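The entries follow in the order I looked things up.

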Amino acid sequence: MADQSAHRTGHLRRLLSDPRRLVVVVAGVALLVRLVGLGGRTAHFDEGRVAYWALRYLETGSISYRYIVHGPLVQYADAALFGLLGPSDAVARLPVAVVGGLLPLAALLFRERLRDVELVALAVFLAFNPVLLYYSRFLRSTLLVAAFSFVAFGCLVRAADTRRVSYVYAAALFVALGFAAKENALVYLLVWVGATALLVDHELFRPHAPETGIDVVRRHGRAALAAVRSPTPRHRRLAAHAVGVVGVWLLVTLFFFAPRTGVGAEAAGLWDALRRPRLFPSVVDAATTDVRNGLSYWFGGTTEPGCHKDSVVTAYGCFLGRFLETLALGAGALSTFALGGLLVERYATPDPRPLVLFASYWGLVSVVGYPLGTDIYGAWITVNALVPLAVPAAVGVGVVYRRGRAALASGDRRRASVVACALLLVAGQVGATAATTVYVQPQSADNPLVQYAQPTDDVRPTVDSLPTGDDGPTPDVVFYGETFVADASESAIPPACADMGTTLPLQWYFARADLDAACAVNRTALAALPGDDRPALIVAAADDAGPLSATLDGYDTRTVFLRASGRETTLFVGRRGNVSAGSGTGMETGSVERAVELRPEPR
């Protein structure tokens, strides 16, 4: 027993002394906490829309890039998982949860640029920051593009450290995956250019060096010109690799953005083009057109102020204030340590590390820039800044840790105890915030990470209790009243008569349960529904529920909130065996727009 205990103690000591192993352990725990209770929260508006299209792709085999739901990568992943595990909220969120859980492993890409403590601290921030944890359990591509871009950056750093071109190819792959996840991957590239320009400026500012910045530019310029005029075999290999890297990016991007089926005699999907290569140009043209339209939509600019303000300037101030509020409430520790780490590295270090400065500039520009580019605020936009800011935050933790360790080594136990208590208090605060926002109140209106389009009540038990398998003319579900019925048939998600902005994520749950839906703007239209039976579920705004309930019998009612900002909704749930025709509603005959067959939307 004593030998076994000593063996376990020695194994634990080796584990704690190896930062790389600790990073792997942190990633394992990060993955676990993301998978626990993954399906507990009702789907957000955006989650319902993305999950719906993934399910449609699984059922129809047809999909093309819809820029309004961002990149198609997560839809492909979800469709494959739905086929294997069945459609559910937990399965829909699984790709994002896995990527978020494995993100701490990206810290290992910087192992030659960061100290051991900083390496582990970086992994911990990426694993347990409440904002990153919350949106790692959220079916939205913001975490995906941030993670893939961060890994791509790490691969470039490893390429510089090892001189291995394979890392550059890996970076191209992850940049393409980031773009396939969300269009703002292009913004990441622009921010990288700006951060690189600042690092170049640091290098060229040489007040105490014999060689000036102009001399450095001339020297490198002459070397580049000589390489173009008389390329060596090494230069030719570099040129070939440059073409290969661009090719990897293009191929991966085409794979994800190419439509899977086409419309029309000459249109085709990717699989058709692989069988008939002559169709390949039309597939490339379709993908290029879709991407161009998407980029035009997202980066075309708007003069409409958001945040319920009268001007773009006041709207920006409002969004920036909410951004900073999210950082304070959901990422106070990371933000504080990041600021401290940047100040120490920039102004109190004889030889500042380019990695830390680059990541700091990247994160700070994201803090300033993303509130300018948003029209509707969601706390998820802070993810774009928090991932890079985790690097200077790790440096800040390293500074505090080294001072505490130095105090302990010098015999100053009081100072060492203060440092230890401070770190424990920070860890406790982060843990408490994560527990409350992610697990205890994941859809509460009081949660600072909850966006207003998040339902605060769970509608799934009601939907799951409805009978399925009835292919008769009577719709299973009816959206009732002007709140939920659109003036025109404009909804991309059936039923076309429903106002998608007010009804999602219900369509996702109806499609998952194989229920068809229709609309009735008033009681006359409701009475005119086809078939001999009445709907199993009627969805009505609370203001319409009172007059409607007086004319219905055989229904139980339940009140839910479909938005964190309100939208009180009444669900009329038909009692089993008591929703047949002839139940005496006393309604007059009218017209109703019935749900169309759920077929792929035309290109």
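**Entry 1: second largest pocket.** I began with the classes in the lining of the second largest pocket: 26 residues are nonpolar, seven are polar and three are charged. This is a predicted model, so I treat each entry as a reading of a prediction. I put the volume of the second largest pocket at about 750 Å³. I count 36 lining residues there, and the closest to the centre are Ala 121, Val 124, Phe 125, Val 397 and Ala 427. Which elements give two or more residues to this lining? I list helix 1 (2-17), helix 2 (19-35), helix 6 (116-128), helix 7 (130-135), helix 15, helix 16 (332-347), helix 18 (383-409) and helix 19 (413-440). Helix 19 gives the most, with ten residues.

**Entry 2: largest pocket.** For elements that give two or more residues to the lining, I noted helix 3 (45-60), helix 10 (185-204), helix 14 (280-299), helix 15 (312-330) and helix 17 (354-369). I then sorted this lining by class and got 24 nonpolar, 16 polar and nine charged residues. Helix 15 is on my list for the largest pocket, and helix 15 is also on my list for the second largest pocket.

Entry 3: In what order do the five strands of the open sheet run? I read 2-1-3-5-4, with mixed pairing. The edges are strand 2 (517-520) and strand 4 (555-563), each of which pairs on one side only. I get an average twist of 25° from one strand to the next.

Strand 4 and strand 5 form it, with two residues between them. Strand 5 covers residues 566-574, and its pairing with strand 4 is antiparallel over eight bridges. Tyr 555 faces Gly 574 of strand 5, and Phe 561 faces Glu 568 of strand 5. As background, strands of a sheet pair through backbone hydrogen bonds, either parallel or antiparallel.

**Entry 4: backbone exceptions.** I searched for cis peptide bonds. One joins Pro 494 and Pro 495, with omega about 0°. I place Pro 495 in the loop between strand 1 (477-480) and helix 21 (500-503). Another cis bond joins Leu 504 and Pro 505, with omega about 10°. Pro 505 sits in the loop between helix 21 and helix 22 (506-512).

Which residue other than glycine has a positive phi near 60°? I found Arg 163. Arg 163 belongs to the loop between helix 8 (142-162) and helix 9 (166-181). Why note such cases at all? Most residues other than glycine have a negative phi, and most peptide bonds are trans.

**Entry 5: confidence.** The average for the protein is 86, and 89% of the residues score at least 70. Over residues 577-603 I read values below 50. That stretch still has 70 contacts in the model beyond near neighbours in sequence.

Definitions and conventions:
Residues are numbered from 1 along each chain as its sequence is written. This is a predicted model: local features need pLDDT of at least 70, side-chain atom pairs count only at pLDDT 80 or more; totals for chains, interfaces and linings use all residues. Side-chain values use heavy atoms; hydrogens and water are left out. Two strands pair if DSSP finds at least two bridges between them. Helices (H or I, at least four residues) and strands (E, at least two) are DSSP runs, numbered from the N terminus. Axes are lines fitted to C-alpha atoms, for helices over the stretch in contact, and angles run from 0 to 180 degrees between N-to-C directions. pLDDT is the predictor's confidence in each residue, from 0 to 100. Contact means heavy atoms within 4.5 Å. Ala, Val, Leu, Ile, Met, Phe, Trp, Tyr, Cys and Pro count as nonpolar, Asp, Glu, Lys and Arg as charged, and the others, Gly among them, as polar. On a 1 Å grid over the protein atoms alone, a cavity is a set of points where a 1.4 Å probe fits but cannot get out, and a pocket is an open set with protein on both sides within 12 Å along at least five of seven lines; lining residues have an atom within 4 Å of a point. Grid points are joined across faces, edges and corners, and a volume is the space filled by probe spheres set on the points.
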